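User: Could you take a close look at the aromatic pairs here, and at the packing around them? I'd enjoy one connected walk-through with the cut-offs spelled out.

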Amino acid sequence: MAGVKVYEDLGKAAAAASEVAAGAITKIHAFGKFGSILGLERMNVLLELLGNPQEDLKVLHVAGTNGKGSICRYLYCALQAAGYKTGLYISPYIEVFNERIEAGGSYISDEDLAAYTDRVLEKVKVMEASGQQSPTEFEVITAVAFLYFKEQNCDYVVLEVGLGGRGDSTNVCKEPLISVIASISFDHMDRLGNTLAEIAAEKAGIIKDGCPVVTSCESEEALEVIRAAAEEHQSMYTGTRHVPYTIKKESLTGYTFDVDFQGVEFHDLEISMTGEHQIKNAVAALAALCILEERGDINLPRTALYEGFKAAKQPGRLEVLAVETLAGEVQHGDEVKPLVILDGAHNQDGARVLKKAMEAFFKEKKILMVTGMLADKDVEAVTGYFAQITKHFVVTEPDNPRKMTAQALAEQMEKQGACCSAEADLEKACKTALQRADQEGFDVVLFAGSLYLIGAARGILRHLLEEKRK
């Protein structure tokens, strides 16, 4: 199908940002990441000055704690495969900033990023001159994306919420085609609340009057809130936690499964993302697409759905970096040593899902884990799951002012029975891990933790593994 981009390796062609892009990124980073309070007032003022580009976009809005990025990718790739020019807005990025804004199968160019940033910042100056509060970094980026998508004449835009939902800058879209809410668990409690019900209320803030809502959430406490919000807004509600599916084939390169959505059967649907949770994410995306087609909002041939779902990949989510088998596919027991895997599990639910996936594929394997965390996360809960995956760790640090020091994290993990070596420098930690894998016979080297860590490690590891193969 036209417009399809096969994501064999999203980071493969990523290079350091040009001076043009670096200048724009520096200007964006000059703003505070999040405001002192979440809210839409600043965003509404900024977009008004830009001509409200978001009002001309057909939006699929996706929120949630974990899984929303993968759901966005399934939606995006399926619409692309159907021949629609589709925009995708995500956060955070893994390796290059341009990943955050994508249209028609390509990241925003460095030149466009710089040009659109300058146009948005001109309006920011107008805001500040009139006494308005300055927008945040995320609000500036979101405004850049809206303006870019409009002028790229995107047929549809898949929009990932940055934080929460109700007060997130993406929530200025008044009439999305559909709202999707992925799994809900504990994260960002300082801003979203201390119970699943409170967090769910923030996520459910993206539900609009008469707009259908799909959720893959499994917590009954959270679902009660989402159902109530859907009823309040007279929105058609669809939960996918009980949608039946049958796994027919599984490997580290993905799954083949059958699924029955409301009496419509899909046989041998293939996805290229690993972990059974990715099937649940795919089912949520499938439900959203089926509903949109039923309502006449899209025309999605089944061949396009299948092609798009198979093409969809998320870097840094149970991503296998080193796979070399004659068949081109890793099955149980025939993976090379060491297999290098990246996963951005940085909260309690993400760590739980990672533990489950590692048990499914590597139950009897010797695993060395490299991790680094932000200090404001629930480190004890996350590392508790990590310590159930293996007892062998190299502990390092993400490049972020909120980082937990390698020494402090090592001490935390040792309390949970882990054996740790601390290496603050990430490149040295990567080299140490690969050397130890060779010397001590580890089957798998697993990198997990902060996405800031995973993004940087991804580039370092690809270089080291390429050097190793020479």
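Analyst: Happy to! Buried means under 20% relative accessible area, exposed means over 50%, and partly exposed is in between, using a 1.4 Å probe and protein chains only. This is a predicted model, in which local features need pLDDT of at least 70 and side-chain atom pairs count only at pLDDT 80 or more, while totals for chains, interfaces and linings use all residues. Residues are numbered from 1 along each chain as its sequence is written, and side-chain values use heavy atoms, with hydrogens and water left out.

By that cut-off, tyrosine 89 is buried, with a relative accessible area of 0%. Phenylalanine 138 is buried too, at 8%. Rings of Phe, Tyr and Trp (its six-membered ring) pair if their centres lie within 6.5 Å; planes under 30 degrees apart count as stacked, over 60 as edge-to-face and the rest as tilted. The structure holds 8 such aromatic pairs. In one of them, the ring centres of tyrosine 89 and phenylalanine 138 are 5.9 Å apart and the planes stand at 40°, so this pair is tilted. It links distant parts of the chain, 49 residues apart: tyrosine 89 belongs to strand S2 (residues 86-89) and phenylalanine 138 to helix H5 (residues 137-151). Helices (H or I, at least four residues) and strands (E, at least two) are DSSP runs, numbered from the N terminus.

Helix H5 also takes part in another pair, reaching from tyrosine 148 to tyrosine 116 in helix H4 (residues 110-129), 32 residues away. Here the centres are 5.4 Å apart and the planes are at 90°, so the pair is edge-to-face. Both tyrosine 116 and tyrosine 148 are buried, and together with Phe149 they form one aromatic cluster.

Two rings carry a charge over the face, meaning that NZ of Lys or CZ of Arg is within 6 Å of the ring centre and within 35 degrees of the ring normal. Arginine 302 lies over phenylalanine 266, at 4.1 Å from the ring centre, and lysine 366 lies over phenylalanine 442, at 4.7 Å.

As for nonpolar packing, a core is a set of buried Ala, Val, Leu, Ile, Met, Phe, Trp, Tyr and Cys residues joined through side-chain atoms within 4.5 Å. The largest has 78 residues, and Phe309, Leu354 and Phe386 make the most contacts inside it. Helix H9 (residues 276-294) supplies the largest share, 11 residues. A second, separate core of 38 residues includes Phe31, Met43, Leu46 and Val124. Across the 470 residues of the protein chain, 56% count as buried.
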